[in-house]
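This report describes aromatic contacts, disulfides and a sheet in turn.

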Amino acid sequence: MVVLLLFAAVCCAAPVGNAISAYVALKTGAQDDGGIAEGGSAADIPPRMLTAYKKAVQKVGTYMPKCQGMRWPILAGIAKVESNHAIGRTITDNGDIRPKIYGVLLNGSGQGGNTTAFPDTDNGRWDSTANGERAVGPFQFLPSTWQLIGKDAGGDKIADPHNADDAALGVAIYLCGNGRDLTKRAQLQAAIQQYNHSNEYVANVLGWIDQYTAAAKDPDLKNLSGKVRTVIAAALSQRGVPYSWGGGNASGPSYGICCTRSGKSGARIKGFDCSGLTTYAYAKAGVRLPRTAAAQAGVGQRIPASLGTNALKPGDLVFYAYASGRDSTIYHVGIYVGGGQMINAARPGTVVRLDAVSAMSGFAGGARLL
């Protein structure tokens, strides 16, 4: 526990027990130094892929007119887990992805978690092997599934799962099956469950959808009181500033210190860590905060975690802890802006951004200072 508290004192160390499956770790990259995986905003998605997601939303009604609530963060959540948005590949102007993305051969060998052999259905047309099946493209369709739902979204008269536009439209059609209303959480969950029957997979995708949804919205500040508006506007003005371990103070971004548990240093990065950002934003409203997340929990009116996130109001600090009910284990803090969103300096390798409050693990309530 002593070591845990030393790391929690700076902000922001990774929550204990934030386990993900080997499959998800391979797909998204292991998480490090934060309760949120890297990414979570449109800025993390290659522009051509984001265009494909948005085009699919516009076109899906042609094929699934009864479907409601399809939006680009849903497609982005799937693509993040399946291929990390094809990052590292070349995406041409017409949406072709090269080199092509192939999953493991599903021959029951156990590699990549596959335990069931799937016979070949496309004679290697899409997966380049006639010896069995493997998932293809940025959304990892099986060729047999693609034969049922694949559509040409780009106008070249070929429905290609290795094309970003075609693949995104295919996923939109697949998720919209049975006339679903994806604005309803239960139906969205059922759609993802149909895509992959793993509960862990569903939870992971939903987490990314929530992050992208939060990042896609700008908070409305017009009805906020003067000091609350000042704090939130100050924090929002720092979006895009890099995360720096130990960085940031009442004057703005600063160089941080070394090092996180995995050796990440902020000493050469001018930016903010979580409590550095809150210190800066509240200073703009004339409120002086202590430097660490755990210490900030002792300022103002404490909002117990038991009241849930609905008790939060814009401008409140939002805390996350390793151990429920123990403020000494608080490791992270953000600024609530309403609508389930917070301004967040999440972890090394990210930037200040809007995130869903649910994106971090270990919700520990909040504090109202204004």
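**Aromatic clusters and pairs**

Rings of Phe, Tyr and Trp (its six-membered ring) are paired if their centres lie within 6.5 Å; planes under 30 degrees apart count as stacked, over 60 as edge-to-face and the rest as tilted. By this criterion, F141, W146, Y174 and Y195 are linked into a cluster by ring pairs. The model is predicted: local features need pLDDT of at least 70, side-chain atom pairs count only at pLDDT 80 or more, and totals for chains, interfaces and linings use all residues. Residues are numbered from 1 along each chain as its sequence is written, and side-chain values use heavy atoms, with hydrogens and water left out.

The structure contains 9 aromatic pairs. In one of them, the ring centres of Y53 and F139 are 6.1 Å apart and the planes stand at 75 degrees, so the pair is edge-to-face. Y53 belongs to helix 3 (residues 47-63) and F139 to the loop between strand 2 (97-98) and helix 5 (143-149), so the pair ties together parts that are 86 residues apart in sequence. Helices (H or I, at least four residues) and strands (E, at least two) are DSSP runs, numbered from the N terminus. Y53 and F139 are both buried; buried means under 20% relative accessible area, exposed over 50%, and partly exposed in between (1.4 Å probe, protein chains only).

**Charges over rings**

A charge sits over a ring if NZ of Lys or CZ of Arg is within 6 Å of the ring centre and within 35 degrees of the ring normal. K80 lies over the face of W208, at 4.9 Å from the ring centre. The charged end of R134 is placed over the ring of Y102, 4.2 Å from its centre.

**Disulfides**

A disulfide is assigned to a pair of cysteine sulfur atoms within 2.5 Å, and a search of the whole structure finds 2 of them. C67 is joined to C176 with an S to S distance of 2.0 Å. The link of C67 and C176 is left-handed, with -60 degrees about the S-S bond. C67 lies in the loop between helix 3 and helix 4 (72-83), and C176 in the loop between helix 6 (164-175) and helix 7 (185-195), so the pair ties together parts that are 109 residues apart in sequence. Both C67 and C176 are buried.

A disulfide also joins C258 to C259, with an S to S distance of 1.3 Å. The link of C258 and C259 has -40 degrees about the S-S bond and is left-handed. C258 is exposed, at a relative accessible area of 51%, while C259 counts as partly exposed at 27% relative accessibility.

Two strands pair if DSSP finds at least two bridges between them. An open sheet is formed by 6 strands in the order 5-10-6-7-8-9, with antiparallel pairing. Strand 5 and strand 9 (353-356) are the edge strands, each pairing on one side only. The twist averages 35 degrees from one strand to the next; axes are lines fitted to C-alpha atoms, for helices over the stretch in contact, and angles run from 0 to 180 degrees between N-to-C directions.

Strand 10 (residues 363-368) has 5 of its 6 residues buried. Strand 5 (residues 301-303) runs antiparallel to strand 10 and is joined to it by 3 bridges, with I303 partnering G366. Strand 6 (residues 317-321) also pairs with strand 10 over 3 bridges, where L317 is the bridge partner of A367.
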